[in-house]
Amino acid sequence: MSSSSILNTNPTHEVEQTTCLNVPNHRWGMWWFLGGEVAVFGGILAVFILFRLRNPEWAQEAAHTLTWVGSVNTVILLTSSLTMILAHHFVTGGGAQGLTLEQRASKGALFILLTNLLGISFVSLKIYGYTHEWHAGYTPERSLFWGFYYFMTGLHALHLIAGLVANSVVWVNLMKKRNLQRVESVGIYWHFVDLVWIYLFPLLYLEVSSGG
Amino acid sequence: MKSVEHHSISFYITIWVILMVAIGASVYLGSIQHAHLATLLIFSVATVKAILVANYYMGLSHEPKYITLMLLVGVLFIGLLFVGLIPDIVYIYGK
C-alpha cells in the first residue's frame, strides 16, 4: 500500500509519511508545483516591467486604478496568510502539541474558514474595483497597461479562487478529522498567492516612477 | 515527519504587524510622485514583505536549502529573460 493511500484511510494522521531527502512528499509536490508558478508569474511580471520601462506614461494610467481597493485587499490577503499559518500551527505545527485530534481539527477548521472568508472578501472587493474601473472607461482596449492590469489581476484572482476551493476541500477533511497534513500543502500555496500580490500591488496600484 | 514551523502565535502576529506597517509605508511612498528613490524603496519594501512571507509563513527558512535553490532557478531564468529582452522591448519596440 502506498503512503498516500494509508493517509487517506487512516483518520488519525499519526502514520509516518513518505519522505525524500527529509522533506515529506506532499511538500515536495507543492514546492515543485510552485516552481512552475514562479515561472508563470515571474515571466508575466518581467514582461510587464519591461513594457513599463518602455512606457513612462503608464504612471498616469496607474493613477486611475483604485489604490484604496488595492491597499485594503493587500491588508485582507496578508491577514488571511496569518489565519492560514495559525491553522497550520494548530493542526500540525507547534500549537498541536498537547491537543487531541478533535481539538487540532476543530481549531484548524476554524482558521481555514476565516482564511476563506477573507479570500472571499478579497475577490468581492476585486469585483467591485473591476466594475468601477470598467464603467469609468478603463477597459482592456483602452491601452496595453489596462490589458496587463486585467490579465495579471485576473490570473491572480483565478489562483486565489483555486485556493478557496482547495481550502474548502481541506476544511471538509478537517471536519471529518482526516488528512490533517493537507493544511500544510494548501497553506504553502495560499502564501504563494499572497506573495504574488505583494508585487502586483505596487506595480499596478501605486504611481511608481519608471525611471524612463 | 519534520514539521515546517516551530514558532509561537505571538511570533506570527509580530510578522503580520510588520507586514501591515510595510503596507502603510508602500502606500505613503506611492504618493511621492515621480521620485525614483520612492520607486526603489517601494520595491525594497515589497521584497522585505515577500521574504518575510516566504521564510516564516511558507516555512522556507525551515526547509533544506535546496528547496530555496530549486525556486531560485526559476527566478534566475526570469532574470535572464528580463535582461535579454531589454534591448528589444525598452529601446527598439515601437520606435
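**Exercise 1.** At what angle do α7(A) and helix α2 of chain B pack, and how far apart are their axes?

*Solution.* A word on the model first: it is predicted, with local features needing pLDDT of at least 70 and side-chain atom pairs pLDDT 80 or more, while totals for chains, interfaces and linings use all residues. Residues are numbered from 1 along each chain as its sequence is written, and chains are lettered from A in the order in which they are written.

Step 1: take the axes as lines fitted to C-alpha atoms over the stretch in contact, with angles from 0 to 180 degrees between N-to-C directions. Helices here are DSSP runs (H or I, at least four residues) and strands are E runs of at least two, numbered from the N terminus.

Step 2: the angle between α7(A) and α2(B), residues 36–57, is about 175 degrees, and the axes lie 9 Å apart.

Step 3: angles over 145 degrees count as roughly antiparallel, so α7(A) and α2(B) are roughly antiparallel to each other.

**Exercise 2.** How many residues of chain A are in contact with chain B?

*Solution.* Step 1: contact means C-beta atoms, placed from the backbone, within 7 Å. Step 2: 48 residues of chain A touch 46 residues of chain B. Step 3: α2(A) gives the largest share of chain A's side, 12 residues.

**Exercise 3.** Where does α3(B) bend?

*Solution.* Step 1: the bend is the angle between axes fitted to the seven residues ending at a residue and the seven starting there. Step 2: at Leu85(B), α3(B) bends by about 50 degrees. Step 3: a proline, Pro87(B), follows within four residues.

Technical notes
Two residues are in contact if their C-beta atoms, placed from the backbone, lie within 7 Å. Angles under 35 degrees count as roughly parallel, over 145 as roughly antiparallel, 65 to 115 as roughly perpendicular and the rest as oblique.
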